[in-house]
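I wanted a first look around this one before getting into details. Here are my notes, in the order I looked things up.

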Amino acid sequence: MGILEVKDVSKRFGGLKALSDVNLSVAENTVHAIIGPNGAGKSTLLNCFVGKLIPDTGSVMFDGQSVLGRKPYEINQMGISRVFQTPEIFGDLTVMENMMIPVFAKRDGHFQMNAIGDMMKEKDIVEAAEAMLVDMNMADKRHMHAASMSRGDKRRLEIGMCLAQEPRLLLLDEPTAGMARADTNNTIDLLKEIKDQRDITIAIIEHDMHVVFSLAERITVLAQGTPLVEDTPQNIKGHPKVREAYLGETA
Amino acid sequence: MLGLNKKDSTLLIVVAVLTLFAPFILNPFPADSALAQFNAGYPDLMQRFVVFGIFAIGFNILFGLTGYLSFGHAAFLGIGSYAAVWVFKLFTYNVVPAVILAVIIASIFALAMGYVSLRRSGIYFSILTLAFAQMMFALAYSVLSNPKFNLTNGETGLQVYADDPQMFHRAGLPDLPHLFGLSMRATYDLDIGAWSFSFNAGYYLCAVVMMVVFYLSIRIFRSPFGMMLRAIKSNQTRLNYTGLSPRPYALAAFVISGAYAGLAGGLMAAMDPLAGAERMQWTASGEVVLMTILGGTGTLIGPVLGAGFIKYFENIFSKINDAVLHQWFAFLPDGMEDFVVFIIHPFVGKGWHLTLGILFMLVVIFLPGGLVEGGQRLGKWIKSRGKSEETDKAKIEPAE
Amino acid sequence: MSKSNFTRRGVLKTGTVAGAGLALPTIFTAQSAAAFTNEPTGGTVTLGFNVPQTGPYADEGNDELLAQQLAVEHLNGMGDGGCLNTFTSKALKGNGILGKKVEFVTGDTQTKSDAARASAKSMIEKDGAVMINGGSSSGVAVAVQGLCQEAGVIFMAGLTHSNDTTGKDRKKNGFRHFFNAYMSAAALAPVLAKEMGTDRRAYHLTADYTWGWTQQESIQAATEAMGWDTVTNVMTPLASTDFSSYIAPILNSGADTLVLNHYGGNMINSLTNAVQFGLLDKQVNGKDFKIIVPLYSELMAAGAGENIKGVLGSMNYNWQLQNEGSAAFVKSFGEKYGKPPSNSAQTCYAQVLLYADAVERAGTFNPCGVVEALEGFEFDGLGNGPTLYRAEDHQCFKDVLVVRGAENPTNQYDTLEIVEVTPAAQVSYEPNHPMFGGDDASLGECNPGA
Amino acid sequence: MDSILLQILNGLDKGSAYALIALGLTLIFGTLGVVNFAHGAIFMLGAFCAVTLSKVLQLSFVTIDETKKDFLGNPLKVETPYVEAWFGPEIGASIIDWAVPLSILLAIPVMIALGLLMERGLIKHFYKREHADQILVTFGLAIVLQEIVKYYFGANPIQTPPPDALLGVANLGAWFGLDLPYPIWRIVYFCFAALIIFAVFAFLQFTTFGMVVRAGMADRETVGLLGINIDRRFTIMFAIAACVAGLAGVMYAPINPPNYHMGMDFLVLSFVVVVVGGMGSLPGAVLAGFLLGILESFASTTWATTTIPGINQIIIYLVAIIVLLTRPRGLMGRKGVMEE
């Protein structure tokens with residue numbers, strides 16, 4: 001029984017069938033990659049996990065509980081964090097503040113009205129955020145405006161913010177899209193480190209095979225809204241169906 | 001100090017000193033001089049500066065921090081005023097219960113209006129608030145002032161009549177809003193040489209209240225709650241995916257700013273016990289938006305500056321008529337005098353709107369951060385000038 | 001040291017304020033305690049002219065301001081003296097008021113009660129005005145009148161036509177020279193009966209606020225008393241700019257007369273729309289359709305242009321009025337500004353002179369003295385003919401003009417022609433008339449401020 | 001029945017003005033992403049184009065008529081318009097009579113020039129600024145334009161009648177045996193509005209220029225990447241939007257006499273119309289304009305005001321609230337436009 005169980009999920013947009021009967025199981029403490037060509041329904045599927053979309057049929061269970069019909073913030077509170085294709089961070093806030101917000105969310109739940117306390121005097125929060133900044137190698141940037149950082153640093157910050165919540169499942173949506181090679185490699189290293197050091201399940205959607213094969217322990221290939229195969233990276237590499245779907249080669 | 005960091009404490013102290021000595025600062029010109037026209041240190045205008053300052057500080061908590069642009073906040077100001085005047089009419093002229101009730105009633109309305117309006121964001125939110133406020137204005141201006149059910153007294157404005165019950169009013173208490181017997185209109189005039197300064201009880205009450213709410217707003221800005229509000233403005237998606245729902249935070253900010261508006265409305269009625277419906281019109285809501293942007297959105301002191309700026313123009317520039325102009329330029333030769341008056345004439349007196357409009361444009365074009373940015377640039381310029389003078393000196397000295 | 005305190009009952013001991021931590025060194029000059037608010041001490045006295053300078057009534061406010069400036073000139077003995085020469089009271093000498101040169105300050109009411117009170121307060125608190133004059137709406141008049149009562153200065157209302165100003169909201173410190181809705185109705189009714197007969201069916205469009213309501217109530221009462229039917233009364237929002245949806249239903253309502261209880265822009269647009277829909281070309285119940293605008297002003301007439309032809313209404317004053325005072329005023333105003341005065345200009349001019357005269361006769365600027373001098377004062381020579389300032393409610397009683405939009409105006413200023421001068425006796429009413437607050441209405445006590 | 005039809009006509013007429021102003025507003029939103037608070041002022045300037053032209057045509061020279069007296073008793077100055085002197089009294093008089101339709105010719109270049117000037121001189125610098133700044137600067141501009149007009153024309157409305165031939169009432173229902181008298185000029189206004197709306201849609205639908213603009217409205221960056229100078233096209237769109245609002249103003253002058261603050265009166269309403277229609281949606285703006293116009297007309301009927309007192313005061317806002325709460329992006333709004 002995986003931590004994330006997807007059963008018979010289908011989703012239509014008007015006449016377009018984006019997902020049809022997707023079944024997927026992500027095992028705990030693994031890195032599971034979902035790959036597929038453009039328009040295969042990867043993002044749609046991911047959006048079904050986090051409450052942005054509700055599938056027409058089927059179920060999505062996280063740790064035995066359905067996530068369907070819950071708001072994104074509720075799903076997050078269950079233990080699912082998400083990293084976006086373009087880093088979604090609080091650009092107007094400093095790096096430190098960016099890191100404090102998830103720590104607050106972890107401690108206080110989805111809403112707490114702490115209107116006249118001094119945030120810098122919330123000792124446990126500051127410490128936790130500091131620690132995470134150190135972990136992410138960003139302690140020296142703590143007073144920078146997040147928006148003024150490089151793309152790679154933004155990504156690093158975003159991942160850090162997700163980790164600060166100590167999620168059980170981390171969803172990564174093309175984490176290296178649009179990145180320079182060096183930044184991509186840094187991100188891969190970072191994710192490897194996370195995988196090694198933390199008790200965490202990672203589900204990753206990716207285009208870049210280099211990233212996928214450096215990280216993933218299991219791979220699901222999605223094409224035209226249905227999973228083609230699910231296997232280990234080694235087996236996927238030579239799989240004829242995959243080659244066909246990706247490269248248009250006939251087997 | 002008071003749990004603030006050094007920078008904020010300094011700001012608070014500066015603001016406190018400025019408000020305390022405002023009667024001096026705003027009256028820099030001798031009472032009989034031609035420039036006395038520019039003096040703003042009389043009770044009514046000082047009260048207005050402070051009351052609208054409170055209004056704008058509150059509005060900034062919503063708009064400056066969360067980015068939700070409400071076009072309906074004047075409604076809460078009006079509701080606060082009506083609530084306060086009703087307390088005057090039914091119970092007592094004491095301002096404490098009136099202002100407290102004003103805050104409570106305005107908050108209740110803000111809760112209801114915010115709950116509905118915050119279901120939408122961006123311009124859709126703005127138009128929702130505008131629609132609610134305009135409906136309330138229409139209700140107050142005519143529908144709820146009909147002879148059968150007169151809640152607002154319509155066009156004339158709600159005021160206290162001699163036959164109102166005023167249950168707790170006693171002989172010996174002022175027949176005007178008062179603070180435990182101290183009339184809000186009690187003014188002490190101090191003449192020093194040619195200068196004249198007025199110290200007004202009402203102004204100082206408002207000033208103390210403003211200091212308190214200004215302090216509160218600093219605390220809100222620096223609190224975890226304030227950080228969440230800034231996060232809402234910055235990136236709602238991330239907030240949602242961080243397990244935080246923006247809506248309760250935004251709603252809390254909306255209610256707080258509504259309460260500030262109610263407080264300002266209550267104080268306004270306490271200074272002058274008449275509540276007119278016009279203060280609820282969309283133009284009044286627009287005015288507080290302009291005050292905030294003009295002063296510097298999201299800055300602590302900006303809204304107060306913006307409020308002072310607009311109110312100064314409304315009350316001082318509108319009073320400069322041709323007779324005053326002729327008096328000023330009487331020293332010029334006749335033809336010259338007429339010419340100068342002719343040039344200035346369109347911009348003052350009945351043309352004060354024109355000057356205000358031009359200044360809006362100039363400020364927003366050249367000072368994207370509002371007046372606060374202007375102040376900062378000025379500060380930097382003075383500093384760098386000071387430095388360059390020093391370096392000049394340094395250069396000169398060796399040469400000697 | 002002086003202390004101004006706008007309260008009637010509660011007089012604050014100076015000690016309380018001084019005790020608040022403002023101990024004073026002795027170098028500060030001390031003034032003698034004033035007997036009333038803004039007692040003029042030097043060689044000048046300051047009057048406050050509070051008129052709309054921005055917003056839709058800015059032109060009307062400008063006219064008022066011109067008239068007030070003219071009055072100040074005349075008081076100070078400059079110009080040709082205007083009505084000072086024709087005024088029946090000869091107290092004014094053209095040497096200012098009580099020998100003090102008259103100065104004035106101006107404020108912008110913006111036609112909003114809040115803004116009007118703010119500018120009035122600024123003139124009282126900052127500039128030391130002893131009297132506030134002007135304004136162009138009843139809401140503003142009532143609001144500023146209340147303020148002047150509290151502050152202890154005299155308020156001379158400008159254009160305010162609602163019954164309430166000297167009705168339920170009357171104040172001891174406030175005076176109205178302008179006529180009111182009741183008088184309009186009383187003056188119009190006989191003329192309407194004569195011109196349109198006593199068998200008419202009237203359709204009312206009414207601006208949905210206090211003035212509109214009192215206006216409508218007055219006209220309905222007066223016309224029904226002479227036998228007219230009221231088909232219906234429809235309230236229109238003040239903010240309306242297009243009245244087509246209110247005009248269209250009149251076509252099939254069976255009404256043969258339309259009463260527009262509108263003022264300013266509302267009236268201009270509603271009348272324009274009514275004419276657009278061809279109401280004036282219609283025949284209903286065998287009669288020509290007629291439109292009535294109970295309250296006219298020159299600016300409204302100018303704004304409505306050709307549409308006012310033949311439309312009846314009433315006015316407080318018109319420059320075409322033939323009497324000595326009117327001639328003197330029109331000449332003086334016309335020569336200075338190149339146009340004849342409007343009726344609100346005349347009211348404001350008269351109010352300034354009346355105030356000055358009352359001060360001279362009372363021998364003091366003390367508002368209570370001025371009130372006494374004005375109450376029950378009978379005079380002539382200011383343009384309206386014999387006039388009484390009634391003591392019970394501070395309302396002026398004088399002839400009311402019924403006017404009609406001229407069919408063939410010769411220039412832009414005679415667009416209205418006087419149909420009838422209704423004598424004061426016909427428009428008088430008891431001070432406790434139910435439309436004026438009944439028995440409950442009271443002026444209260446005079447308040448000198450300090 | 002007749003009265004219902006009459007109110008529908010009234011609604012269409014009010015709606016025409018709303019739709020024309022809202023159309024320009026939403027074009028500017030959609031293309032430039034700018035909140036233009038000066039749009040009402042442009043409408044007002046349009047109306048004053050009509051006023052100006054009719055004043056200019058009536059520019060007169062003065063002769064003194066000794067037989068008549070003016071109000072001060074001096075000999076009356078008689079003014080004769082130059083146009084009448086040049087073209088003869090009859091042609092001159094009819095030129096003056098047709099001043100409003102003629103001023104369309106004046107308004108088109110003036111409005112386009114004004115639009116270009118505004119966009120290049122001011123708005124251009126505010127594309128990347130926050131909406132709040134755009135509001136402040138355009139609001140400031142609106143005040144300035146308004147005050148300039150007030151300075152020259154006064155605050156009082158100025159009657160600007162339509163040509164005599166178009167005065168009066170036409171019975172629209174005569175063909176159907178109904179009694180539907182309706183002012184001719186209002187019918188003209190509606191037809192004119194329909195024509196303009198049609199022209200704008202046709203322009204956007206059938207010209208390459210329009211197609212690029214529509215693509216740009218949908219996705220500005222992509223079109224920019226294709227190497228098309230979208231900015232210049234948007235400048236032209238701004239001028240067109242200004243022109244539409246200006247023409248709406250010109251033709252509105254005879255309906256209600258123009259005054260300097262008429263733009264502000266329409267500004268809030270047209271914003272409501274745009275948002276109810278859906279931000280950035282042209283058909284939405286037109287639909288919402290007519291819808292709100294008709295609803296407003298029906299809310300003013302005695303039947304409506306006796307059923308719900310005061311409904312005529314609040315109808316527009318009530319509808320706006322209901323629409324926005326049931327349809328998050330207005331009637332025809334697209335996702336992602338003007339949402340932060």
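**Entry 1: chain B, contacts.** I started with how chain B holds together along its sequence. Taking contacts between residues at least 6 apart in sequence, I found that 74% join residues at least 24 apart. A reminder to myself: this is a predicted model.

Entry 2: Next I looked up the secondary structure, and chain B has 16 helices and 8 strands. Then I checked burial: of the 400 residues in chain B, 61% are buried. For the dimensions, I took the principal axes, and the C-alpha atoms of chain B fill a box of roughly 80 × 60 × 40 Å. How does the radius of gyration of chain B sit against that of a compact globule? A globule with 400 residues would come out near 21 Å, and chain B has 23 Å, so the two agree.

**Entry 3: where chain A meets chain B.** I moved on to the contact between these two chains. Chain A puts in 31 residues and chain B puts in 25 residues. Which helices of chain A each supply at least two residues to the side that touches chain B? They are α2 (72-78) and α3 (95-108). Of the elements on that side of chain A, α3(A) gives the most, with 6 residues. I also sorted the chain A side by residue type and got 17 nonpolar, 7 polar and 7 charged.

Entry 4: I found 13 helices and 18 strands in chain C. Buried residues are 64% of its 450 residues. Of the chain C contacts with a separation of 6 or more, 72% come from residues 24 or more positions apart. Along the principal axes, the box filled by the C-alpha atoms of chain C is roughly 85 × 45 × 35 Å. A compact globule with 450 residues would have a radius of gyration near 22 Å; chain C has 23 Å, so that agrees too.

**Entry 5: one helix in chain C.** Is α8(C) mostly covered or uncovered? Mostly covered: 13 of its 13 residues are buried. At 1.5 Å a residue, the 13 residues of α8 in chain C should span 18 Å, and the end C-alpha atoms are 18 Å apart, so the expectation holds.

Notes
Residues numbered from 1 in each chain as written. Chains lettered and ligands numbered in written order. Predicted model: local features only at pLDDT ≥ 70, side-chain atom pairs only at ≥ 80, totals over all residues. Helix = DSSP H or I, 4+ residues; strand = E, 2+ residues; numbered from the N terminus. Expected span 1.5 Å × (residues − 1). Buried ≥ 20, exposed ≤ 12 C-beta atoms within 10 Å, placed from the backbone. Rg over C-alpha atoms; globule rule 2.2 N^0.38 Å. Contact = placed C-beta atoms within 7 Å. Nonpolar A, V, L, I, M, F, W, Y, C, P; charged D, E, K, R; others polar.
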